[in-house]
Amino acid sequence: MITLRHFPTLLIYFAFLFTSIFASFCVTAEDELLSQQEVVKALNNLIVSVDKDYLHEKHREKMTEQITTSLNQGDFDGHYQFHRFKRKLESLLYASSHDANFEITWRSGSENLGNVPDRVFPSTIETQLLESNIGYLGIDGDLFNEHAKSDIDNAVAYLSSATAIIIDLRSAGYVDLDVAKQFLSYFVPTGKPLANLTLAHNNTSLLVASDTGFKMGEKVPIFVVTSPFVAGSWEFVAYTLQQTSKATVVGTRTMGLSYLSTTTPLSEHINLVMTYGDLRHPSTQESWKNEGVIPDIPCDATDAVTAALELAEKRLTTETIGN
């Protein structure tokens, strides 16, 4: 018979059991043995992927030669625990390219990945109409599913009558480049250049604002709120709006990642993350690389929405007096 005096012992037992189960789950990902067949398959597919999609021309040939040589010399013979394979291959990729953006990640075997991250955080899009009819649009998490474009379309449409817009990107995660381009297109005239995109083998294209059916008013003030967490395609949004004088950026410098990454499955359990594209301003050919998007109004990220709201109210008051 179990009594209250057994309760502490039971707690310790269940805590130990939970820890053991959790530890065994973690071992599955980190210490799973990769067969020789899977290792060879992954390396051969890596060579193909790098040759086809890797951005930096000057490193591509050296990398593929180095991986081929390692395979032929038997450097990767035998079974490998995943974490050992990851560490060894990432070191090889960095040594031959000096590109720290390569990453080998675990995959479940059932994923169908393209340019999406291997770890996904559910997204929410928050919209509010605040005092003085100031619109608030907050992005939280990753936007990559098939509903992303329609979700953004509905959010911007809801705020279409706002007298000013605050775009809160502080907690924004991954977003597909095409979705980011659509987002920009609500605020930029159709056909206006947004960025030059460079892909592998020096293939370049000009990204232009698309026809979104409706546009935000030309005179509607826009305030983009940033944090050090903002990266990649959302930096593209903030930088482009700032460079077209459409927005005031409020907050802190962003991460400074102008390169675009893709996640490619190499085998049942192995993914490759690598750089596939570079975005630059269509006129100046500059970007936010390394420096990040520099705010017009620097302030702590936790205070940035309040600061943006005060700026919006002040701008609207000034315009009302002027009229």
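This is a predicted model: local features need pLDDT of at least 70, side-chain atom pairs count only at pLDDT 80 or more; totals for chains, interfaces and linings use all residues.
Contact here means that heavy atoms lie within 4.5 Å. Leaving aside neighbours within four places in sequence, Leu279 is in contact with Leu177, Ala195, Asn196, Leu197, Leu207, Phe236, Ser258, Leu260, Ser287 and Trp288. Leu279 also belongs to the largest nonpolar core, a set of 45 residues, and is listed there with Ile167, Leu169, Val224, Trp234, Phe236 and Leu241 as having the most contacts inside that core. The element that gives the most to this core is helix 7 (residues 233-243), with six residues. Apart from this core lies another, made of 24 residues, including Leu34, Leu71, Tyr80 and Ile270.

The chain holds eight helices and 13 strands. Of its 323 residues, 44% are buried.

Ten of its eleven residues are buried, so helix 7 is largely enclosed by the rest of the structure. The buried residues are Ser233, Trp234, Glu235, Phe236, Val237, Ala238, Tyr239, Thr240, Leu241 and Gln242, and two of these names, Trp234 and Phe236, were met above among the residues with the most contacts in the largest core. After the helix comes Ser245, which has a positive phi near 60 degrees.

Helix 3 spans residues 57-72, and its 16 residues reach 24 Å from the first C-alpha to the last, close to the 22 Å expected at 1.5 Å a residue. Buried along helix 3 are His59, Arg60, Met63, Thr64, Ile67, Ser70 and Leu71. Viewed down the helix axis, these buried residues fall within an arc of 130 degrees, so they line one face of helix 3. On the face turned away from the buried side of helix 3 are the exposed residues Lys58, Glu61 and Asn72. The cover over the buried residues includes helix 2 (36-53) and helix 4 (82-97). Helix 3 is followed by Gly74, with a positive phi near 80 degrees.

Within helix 4 sits Tyr94, which is partly exposed, with a relative accessible area of 42%. The C-alpha atoms of Tyr94 and Met63 are separated by 9.1 Å, although the two residues are 31 apart along the chain. Not counting residues up to four places away in sequence, Tyr94 touches Asp99 and Ala100.

Turning to the strands, an open sheet of six has the order 4-5-6-9-10-13, with mixed pairing. Its edges are strand 4 (124-129) and strand 13 (297-298), each with a single partner strand, so one side of each is left without a neighbour in the sheet. Helix 5 (residues 148-158) packs on this sheet and touches strand 4 and strand 5 (134-143), its direction making about 10 degrees with that of strand 4. Elsewhere in the sheet, strand 9 (residues 222-226) and strand 10 (residues 247-251) run parallel and are joined by five bridges.

The loop between strand 11 (259-265) and strand 12 (270-280) holds Ser267. Is Ser267 buried or exposed? With a relative accessible area of 6%, Ser267 is buried, because buried means under 20% relative accessible area. Beyond neighbours within four places in sequence, the contacts of Ser267 are Glu38, Ala42 and Arg107.

Notes
Residues are numbered from 1 along each chain as its sequence is written. Side-chain values use heavy atoms; hydrogens and water are left out. Helices (H or I, at least four residues) and strands (E, at least two) are DSSP runs, numbered from the N terminus. Buried means under 20% relative accessible area, exposed over 50%, partly exposed in between (1.4 Å probe, protein chains only). The expected span of a helix is 1.5 Å times one less than its number of residues. The arc is that of the directions from the helix axis to the C-beta atoms. A nonpolar core is a set of buried Ala, Val, Leu, Ile, Met, Phe, Trp, Tyr and Cys residues joined through side-chain atoms within 4.5 Å. Two strands pair if DSSP finds at least two bridges between them. Axes are lines fitted to C-alpha atoms, for helices over the stretch in contact, and angles run from 0 to 180 degrees between N-to-C directions.
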